[in-house]
Structures are given as C-alpha cells and as structure tokens.
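User: I am new to this structure and would like to learn how to read some of its features. Please take them one at a time.

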Amino acid sequence: MDSFGSDYSSAAGSGKMDTGTIMEQVKVQIAVANAQELLQRMTDKCFKKCIGKPGSTLDNSEQKCIAMCMDRYMDAWNTVSRAYNSRLQRERARM
C-alpha cells in the first residue's frame with residue numbers, strides 16, 4: 001500500500017496523474033484483498049471442519065482432512081470462477 005501512496009503523491013505533486021498506473025495499482029490491491037479473503041474463508045471453514053480439539057500439533061488425520069478440504073475448496077472456487085467469467089463474457093457479447 002505504501003507504493004501506491006508514494007506513487008500517487010509524486011504524481012499529484014507534479015500536477016500529473018497517470019490514471020492508467022493508478023487503475024493498475026487499484027486492480028492489484030483488489031486482487032490481493034480477494035486472495036486474502038479466499039485464504040481466510042478457506043482456513044476458517046477447513047479449521048472448523050477438521051480440527052476437533054486445537055492443540056500444539058496436528059495429528060495425521062487432521063493434516064489429511066485439512067489438505068483435502070483445502071483442495072476441494074480451491075476446486076470449487078475455480079469452478080465457480082470459471083462459470084462466473086464465462087457468464088460475464090456471454091453477457092458482454094450480448095451488449
């Protein structure tokens with residue numbers, strides 16, 4: 001986020017704002033926020049599903065459950081994302 005602020009400040013100070021650069025930085029920040037949200041949701045759901053009694057280590061069954069849960073979550077996320085993108089493309093083509 002610091003790089004966004006410093007780039008914006010230097011552009012604003014010179015009286016010129018490169019809107020393309022700013023838009024790209026915003027897109028990157030949105031992508032990072034979405035990835036963090038995905039990871040947080042996946043962690044919460046898989047923890048609740050797989051960890052019965054939290055401790056200092058995970059036993060083998062918990063490790064396997066976490067790995068499988070995360071794989072399934074990512075597969076589902078990718079399937080939904082592909083379907084969503086496909087639908088967006090179809091809708092844009094109709095316009």
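User: Is the link of Cys50 and Cys65 left-handed or right-handed?

Analyst: A disulfide is a covalent bond between the sulfur atoms of two cysteines. This is a predicted model. In it, the link of Cys50 and Cys65 is left-handed, with -70° about the S-S bond. The sulfur atoms of Cys50 and Cys65 are 2.0 Å apart.

User: Is Cys50 buried or exposed?

Analyst: The cut-off for buried is under 20% relative accessible area. Cys50 has 9%, so Cys50 is buried.

User: How many disulfides does a search of the whole structure find?

Analyst: The search finds 2 disulfides. Besides the link of Cys50 to Cys65, there is one between Cys46 and Cys69, with a sulfur-to-sulfur distance of 2.0 Å. The torsion about the S-S bond of Cys46 and Cys69 is about -85°, so that disulfide is left-handed. Cys46 is in helix H2 and Cys69 is in helix H3, so the pair ties together parts that are 23 residues apart in sequence. Cys46, at 1% relative accessibility, counts as buried, and Cys69 is buried at 7%.

User: What pattern do the disulfides follow?

Analyst: Counting the bonded cysteines along the chain, the pattern is 1-4, 2-3.

User: Now the helices. At what angle do the axes of H2 and H3 cross?

Analyst: Two packed helices are described by the angle between their axes and the distance between the axes. Here H2 covers residues 19-50 and H3 covers residues 60-94. Their axes cross at roughly 140° and come within 9 Å. Angles over 145 degrees would count as roughly antiparallel. H2 and H3 are therefore oblique to each other. The crossing of H2 past H3 is right-handed.

User: Which residues make the contact between H2 and H3?

Analyst: On H2 the contact is made by Leu38, Arg41, Met42, Lys45, Cys46, Phe47, Lys49 and Cys50. On H3 it is made by Glu62, Cys65, Ile66, Cys69, Met70, Arg72, Tyr73, Met74 and Trp77.

Technical notes: Residues numbered from 1 in each chain as written. Predicted model: local features only at pLDDT ≥ 70, side-chain atom pairs only at ≥ 80, totals over all residues. Heavy atoms only, no water. Axes fitted to C-alpha atoms, helices over the stretch in contact; angles between N-to-C directions. Helix = DSSP H or I, 4+ residues; strand = E, 2+ residues; numbered from the N terminus. Parallel < 35°, antiparallel > 145°, perpendicular 65-115°, else oblique. Left-handed = near helix turned anticlockwise from the far one by under 90°. Contact = heavy atoms within 4.5 Å. Disulfide = S-S within 2.5 Å. Buried < 20%, exposed > 50% of the residue type's maximum accessible area, 1.4 Å probe, protein only.
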